Amino acid sequence: MNLIAAADKHWGIGAGNQLLTSIPDDMRYFREVTAGKIVVMGRRTRESIPGGRLKGRVNIVLTHQTNEQADGILFVSSMEDLFRVLEPYDTDAVFVIGGASIYGQMLDACHTAYITKIDAAYAADAYMPDLDAHPQWELSVCKQRKVYLGTGYRFCIYKRIIQLPCPERKI
C-alpha cells in the first residue's frame, strides 16, 4: 500500500480543510500516480474534493459517520472494514490520500510514500508523520528541485525499511 501527499518543511499538509498551496505540476503528478488506482481517504478529505470524488479511481472513504452514501464511493466505518474491502485489490494499487488522521492510522500498512516536499512553511493545522525523522522510513528518490511562483518543491519517494509481518493478509 502507498500514500501520497504534498507536505511543507514541517510536514504540514493542510489548513482549514484545504491544501496549503496549489502547484499545478503537483496536481498533475497526483493524477498520474493515482489514475486507475484505489484511493483511501477520510471524510473531510472527501469533502474538500470538488464533486466529492476522484474520477477514474475506486474511492473509499473511512468515516465514523455510517449514514454516508454517494454514487461511486465506498464508505467504511472501521479499519477492519477497510482491510476487508481492500482484500481483492493489489496493495500496490492502493493509495492513502489523506487527511492527517488517515495518514497516521494507515502509515504502518504502507510500504511506499510519494511526497511532494515543498520548500516553504505554511500556517498548517493538519500534519502528516515526519518520514525524515521516522526510524522505519528512508528517502529513496528525490527528483530535481523545481520552482513554481517562487516556491521550490521536489517529488520524493520514501520506502519503508522495516517490513512488518502481516500474516494471512495481503496488506
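Author: A cavity here is a set of grid points where a 1.4 Å probe fits but cannot get out. The model is predicted.

Reader: How many cavities of 30 Å³ or more does a search of the whole structure find?

Author: The search covers the whole structure. The cut-off is 30 Å³ or more. The count is one.

Reader: How much space lies in the largest cavity?

Author: The lining of the largest cavity includes Ala6, Ala7, Asp8, Gly12 and Ile13. Leu19, Leu20, Thr21, Ser22, Ile23, Asp26 and Ile118 line the largest cavity too. The space in it is about 70 Å³.

Reader: How do the residues of the lining divide into nonpolar, polar and charged?

Author: The lining divides into seven nonpolar, three polar and two charged residues.

Reader: Now the rings. What kind of pair do Tyr29 and Phe155 form?

Author: A search of the whole structure finds four aromatic pairs. In one of them, the ring centres of Tyr29 and Phe155 are 4.2 Å apart. Planes under 30 degrees apart count as stacked. The planes here are at 25 degrees, so the pair is stacked.

Reader: How many residues apart are Tyr29 and Phe155?

Author: Tyr29 is in helix α1 (residues 24–34). Phe155 is in strand β12 (residues 151–160). The pair links distant parts of the chain, 126 residues apart.

Reader: Are Tyr29 and Phe155 buried or exposed?

Author: Buried means under 20% relative accessible area. Both Tyr29 and Phe155 are buried.

Reader: What kind of pair do Tyr153 and Phe155 form?

Author: Their ring centres are 5.7 Å apart. Planes over 60 degrees apart count as edge-to-face. The planes of Tyr153 and Phe155 are at 75 degrees, so the pair is edge-to-face.

Reader: Which residues do ring pairs link into a cluster?

Author: Tyr153 is buried, and so is Phe155. Phe155 pairs with Tyr29 and with Tyr153. The cluster is Tyr29, Tyr153 and Phe155.

Reader: Which are the edge strands of the open sheet of three strands?

Author: The order is β3-β2-β9, with antiparallel pairing. Each edge strand pairs on one side only. The edge strands are β3 (18–19) and β9 (126–127).

Reader: Which residue in β3 is the bridge partner of Gly14?

Author: β2 and β3 pair in the antiparallel sense over two bridges. The bridge partner of Gly14 in β3 is Leu19.

Key:
Residues are numbered from 1 along each chain as its sequence is written. This is a predicted model: local features need pLDDT of at least 70, side-chain atom pairs count only at pLDDT 80 or more; totals for chains, interfaces and linings use all residues. Side-chain values use heavy atoms; hydrogens and water are left out. On a 1 Å grid over the protein atoms alone, a cavity is a set of points where a 1.4 Å probe fits but cannot get out, and a pocket is an open set with protein on both sides within 12 Å along at least five of seven lines; lining residues have an atom within 4 Å of a point. Grid points are joined across faces, edges and corners, and a volume is the space filled by probe spheres set on the points. Ala, Val, Leu, Ile, Met, Phe, Trp, Tyr, Cys and Pro count as nonpolar, Asp, Glu, Lys and Arg as charged, and the others, Gly among them, as polar. Rings of Phe, Tyr and Trp (its six-membered ring) pair if their centres lie within 6.5 Å; planes under 30 degrees apart count as stacked, over 60 as edge-to-face and the rest as tilted. Helices (H or I, at least four residues) and strands (E, at least two) are DSSP runs, numbered from the N terminus. Buried means under 20% relative accessible area, exposed over 50%, partly exposed in between (1.4 Å probe, protein chains only). Two strands pair if DSSP finds at least two bridges between them.
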